[in-house]
Amino acid sequence: MLLPLVAVATLAGAGWGLLVPGLVDRYAVEWPDGTPQPPWRTACPHCDAPRPPWWRAARRCAGCADRRWPGPALTVPLSAATWGVLAYAVGPSPVLPAFLLLAALAVPLALVDLRVLRLPDPLVLTAFVGGVVLLSAAALAERSVTLLIRPGVAAVTCGVVYLTVALLPRSQLGFGDVKLGAVLGLFLGWLGWPAVVAGGLLAPLVNLPLVIGLLIVRRAGRRTLVPYGPAMLLAALVAVLLSTPG
């Protein structure tokens with residue numbers, strides 16, 4: 001039962017990966033410090049040619065043939081692997097749809113953050129609202145509404161902890177990281193407090209190689225902001241693997 005489930009989830013993830021480049025292109029918009037929040041991208045930044053809807057985005061701009069990043073060669077295997085790993089970890093459970101939603105949004109969130117240091121509110125909000133709905137459906141399927149108490153408390157706890165760290169002097173965390181932390185606390189809270197703690201403690205360890213690599217190639221200095229969202233998401237994925245019997 002598990003292997004067919006993982007195979008179907010992997011194929012579904014690969015299909016979703018074909019759409020992820022358009023989603024990343026739409027939301028990977030730079031937001032310089034001290035400027036108003038720019039609108040999400042609807043036109044080519046080089047020639048102002050209108051972009052098609054993100055789910056029909058082409059590999060190149062129709063106006064200037066500008067090649068967009070990322071391409072399916074990156075997003076398809078990355079998305080397929082994420083979906084497959086979470087399906088393997090969670091297994092045939094009523095909560096699986098919730099974690100597949102997290103898998104679907106984790107890849108574009110990580111890629112947008114890597115590109116422009118942003119965690120777009122529409123994607124984070126979709127993960128939160130969708131998570132609440134799907135976890136509630138899983139709790140009803142398990143006939144135990146009390147299963148929602150721990151995820152709710154974990155979401156608030158993680159949000160408060162990340163907010164406290166973000167407000168510290170010289171903190172590298174942004175408010176997008178705070179909101180993402182609350183979302184990940186919601187999902188990991190379903191699995192138990194050890195998963196919540198593991199996700200929080202593993203994130204800086206996962207982020208360390210990225211920081212070291214940027215320092216080595218001189219792409220970053222001691223005060224350069226580096227994306228933290230990808231490390232949070234990868235740490236959450238590892239925490240799910242460590243906390244489930246799949």
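## Terms and basis

A residue is called buried under 20% relative accessible area, exposed over 50% and partly exposed in between, with a 1.4 Å probe and protein chains only. This is a predicted model, in which local features need pLDDT of at least 70 and side-chain atom pairs count only at pLDDT 80 or more, while totals for chains, interfaces and linings use all residues. Residues are numbered from 1 along each chain as its sequence is written, and side-chain values use heavy atoms, with hydrogens and water left out.

## Overall fold

The chain has nine helices and zero strands, where helices (H or I, at least four residues) and strands (E, at least two) are DSSP runs numbered from the N terminus. Of its 246 residues, 45% count as buried, and the C-alpha trace spans about 55 × 45 × 35 Å along its principal axes.

## Aromatic pairs

The structure holds four aromatic pairs; rings of Phe, Tyr and Trp (its six-membered ring) pair if their centres lie within 6.5 Å, and planes under 30 degrees apart count as stacked, over 60 as edge-to-face and the rest as tilted. One of them joins Tyr 27 and Trp 40 edge-to-face, at 5.0 Å centre to centre and 75° between the planes. Because Tyr 27 lies in helix α2 and Trp 40 in the loop between α2 and α3, this pair ties together parts 13 residues apart in sequence. Tyr 27 is buried at 10% relative accessible area, and Trp 40 also counts as buried at 18%.

Phe 99 and Phe 187 form another edge-to-face pair, with 5.7 Å between centres and 70° between the planes. This pair links helix α4 (residues 96–116) to helix α7 (residues 175–191), its members being 88 residues apart. Phe 99 is buried with a relative accessible area of 0%, and for Phe 187 the value is 0%.
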